[in-house]
Amino acid sequence: MTKPDLNLLITLDVLLAEGSVARAAQRLGLSPSAMSRALARLRKTTGDPLLVRAGRALVPTPRALELREQVSQLVQDATSVLRPAERLDLTQLVRTFTLRTSDGFVENFGAALLERIHQEAPNVQLRFMQKLNKDSALLRDGVVDLETGVVSTTASPELRTKALFSDRFIGVVRTGHPLSEGDITAARYAAQGHIMISRRQGHKGAVDNALYLLGLAREVLTSVDGISTALALAKDSDLVATVPERHSLNLCRGMFSFPLPITLSSIRISMLWHPRMDADLAHRWLRQCVQQVCGNDDQGSSQQTALINP
């Protein structure tokens, strides 16, 4: 079996990035004819034309589009392996990291994370972005540096994940609420007016499923799209908010919280990033800071689907 010429990976990476034989040749310090010969070898090796003429320009084939990110990552990884080891001077690091975070993360971990970051790297800034969906395009495109949340089965398999902690759902009501006295049974819990946290209208969550198994049903009087909104409503009404415990600790101050009288699975919160950031020393440090602030009570990466709409 003929051994592949791995130098062709660098050539392919540049060709796919530039979309031009002339520009790729200039970038690699080759003559246009030498680059054309390299393209011919790549076509023969891959069995695909890769770049085809469309008018006066070259456009990538579907196979080339499929290979582009994979080849780019291979070249980055190889370059990182061959690059001399660096030392990161955090006192001189000037950088802004964008974190796309799950609901309640900033309210409960944001201040501690900022303090942790600025203790070691005073010139680093954090930009928090609300996570409204599970689309990984922002990570892939480099718009977002790090995400937190529950990893679903639809998450892109190319992403790296690391578990941060497990969370459980609790009930929260205002001080003086009838549920703050006496035993809280499933029947008493179900009989209250409830707040549904969901971005989908008419959605039935895990709480409803658990109550159904007991022959019970709750009355949802209003729906909101976030933990903080649900708790604000519960604080000034007789409604019950069912929220993840660790994501709502700071927001529940001055309210009455209780374990749910029904059985629900816990959720696992992870951080997610694109593999292009694996070798970046500053990004590694950022991930360590997030892990230390959140407290890693569950080691390893997670690919489980958990309950996000109680």
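Strand 8 (residues 193–197) and strand 9 run parallel and are joined by five bridges; strands are DSSP runs of E, at least two residues long, numbered from the N terminus, and two of them pair if DSSP finds at least two bridges between them. This is a predicted model, in which local features need pLDDT of at least 70 and side-chain atom pairs count only at pLDDT 80 or more, while totals for chains, interfaces and linings use all residues. Residues are numbered from 1 along each chain as its sequence is written, and side-chain values use heavy atoms, leaving out hydrogens and water.

**Sheet**
- Isoleucine 197 has valine 224 in strand 9 as its bridge partner.
- The open sheet consists of five strands with mixed pairing, in the order 9-8-10-7-11.
- Strand 9 (219–224) and strand 11 (256–259) are at the edges with a single partner strand each, so one side of each has no neighbour in the sheet.
- On average, neighbouring strands of this sheet are turned by 35° against each other, direction ignored.

**Helix across the sheet**
- Helix 9 (residues 227–235) lies across strand 7 (169–173), strand 8, strand 9 and strand 10 (240–244), where contact means heavy atoms within 4.5 Å.
- Helix 9 runs at about 150° to strand 10; axes are lines fitted to C-alpha atoms, for helices over the stretch in contact, and angles run from 0 to 180 degrees between N-to-C directions.
- Helices are DSSP runs of H or I with at least four residues.

**Cysteines**
- The structure holds zero disulfides, a disulfide being a pair of cysteine sulfur atoms within 2.5 Å.
- For cysteine 252, the nearest cysteine sulfur is that of cysteine 294, 17 Å away.
- Cysteine 252 is buried at a relative accessible area of 8% (buried: under 20%, exposed: over 50%, partly exposed in between; 1.4 Å probe, protein chains only).
- Cysteine 294 is also buried, at 1% relative accessibility.
- The closest cysteine sulfur to that of cysteine 294 is in cysteine 289, at 11 Å, too far for a bond.
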